[in-house]
Amino acid sequence: MPDEKHEQDDRQRGAMTKPPVRKSRRRRLQDEYGSDFEPDMPAVDGFEHMVEYLWQVGPVVGDGAVTHAELHFFQQNTGIVLSEWEATTLRRLSVAYLNESHSATEPSCAPPWAEGMQIKAIVSNSARSAIRALASM
């Protein structure tokens with residue numbers, strides 16, 4: 001029967017070998033510009049309902065994109081009837097969200113859309129990277 005001391009040591013060793021959790025782009029920007037920072041978002045004039053549906057149904061399920069079956073049950077459960085275009089678009093938005101959420105853990109990943117303060121940060125980071133690359137030649 002293993003004793004409590006060895007179990008505790010094993011748990012501590014396991015905790016030390018876990019890879020560090022990568023921060024999302026949003027969290028890195030909030031660390032840099034303050035916790036109240038909200039990234040610029042593109043206008044969705046006329047399609048606000050699609051963004052609302054995306055957040056109601058997902059935007060992802062576990063570590064996968066929303067499936068057509070999940071959209072079918074979303075329609076049944078809510079009474080919302082999606083057109084073929086809306087269902088396809090929600091699925092594509094879910095895939096794009098999932099892909100971007102994985103890419104966004106890389107510090108060098110540029111945002112999919114930016115304006116204002118974000119563009120300044122991107123330009124300054126790009127310039128810094130270019131200067132470092134030249135200096136290492």
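Colleague: Which residues does arginine 22 touch, not counting residues up to four places away in sequence?

Modeller: Arginine 22 touches Thr105 and Glu106, where contact means heavy atoms within 4.5 Å. This is a predicted model, in which local features need pLDDT of at least 70, side-chain atom pairs count only at pLDDT 80 or more, and totals for chains, interfaces and linings use all residues. Residues are numbered from 1 along each chain as its sequence is written, and side-chain values use heavy atoms, with hydrogens and water left out.

Colleague: How many helices and strands does the chain have, and what pattern does it follow?

Modeller: There are six helices and two strands, in the order α-α-α-β-β-α-α-α along the sequence.

Colleague: Why is methionine 41 called exposed?

Modeller: The term exposed applies over 50% relative accessible area, buried under 20%, and partly exposed in between (1.4 Å probe, protein chains only). Methionine 41 has 64% relative accessibility and therefore counts as exposed. Methionine 41 lies in the loop between H2 and H3.

Colleague: Why does tyrosine 97 count as partly exposed?

Modeller: Tyrosine 97, in helix H5, has a relative accessibility of 35%, and therefore counts as partly exposed.

Colleague: What makes the residues around Met50 and Leu90 a nonpolar core?

Modeller: A nonpolar core is a set of buried Ala, Val, Leu, Ile, Met, Phe, Trp, Tyr and Cys residues joined through side-chain atoms within 4.5 Å. The largest such set has 11 residues, including Met50, Tyr53, Phe74, Ala87 and Leu90. Helix H3 (48-57), helix H4 (68-78) and helix H5 (84-103) each give two or more residues to this core, and H3 gives the most, with four. Alanine 87 touches His68, Leu71 and Leu82, not counting residues up to four places away in sequence.

Colleague: Which residues form the nonpolar patch on the surface?

Modeller: Val44, Phe47, Val51, Trp55, Trp85 and Tyr97 form the patch, with about 590 Å² of accessible area together. Patches are made of residues with over 30% relative accessible area and no salt bridge: like charges are joined within 9 Å, nonpolar side chains (Val, Leu, Ile, Met, Phe, Trp, Tyr) within 5 Å. A salt bridge is a side-chain nitrogen of Lys or Arg within 4 Å of a carboxyl oxygen of Asp or Glu. Accessible areas come from the Shrake-Rupley method with a 1.4 Å probe; for residues, only the protein chains shown count as cover.

Colleague: Which peptide bond joins glycine 58 and proline 59, cis or trans?

Modeller: The bond is cis, with omega about 10°. Proline 59 lies in the loop between H3 and strand E1 (60-61).
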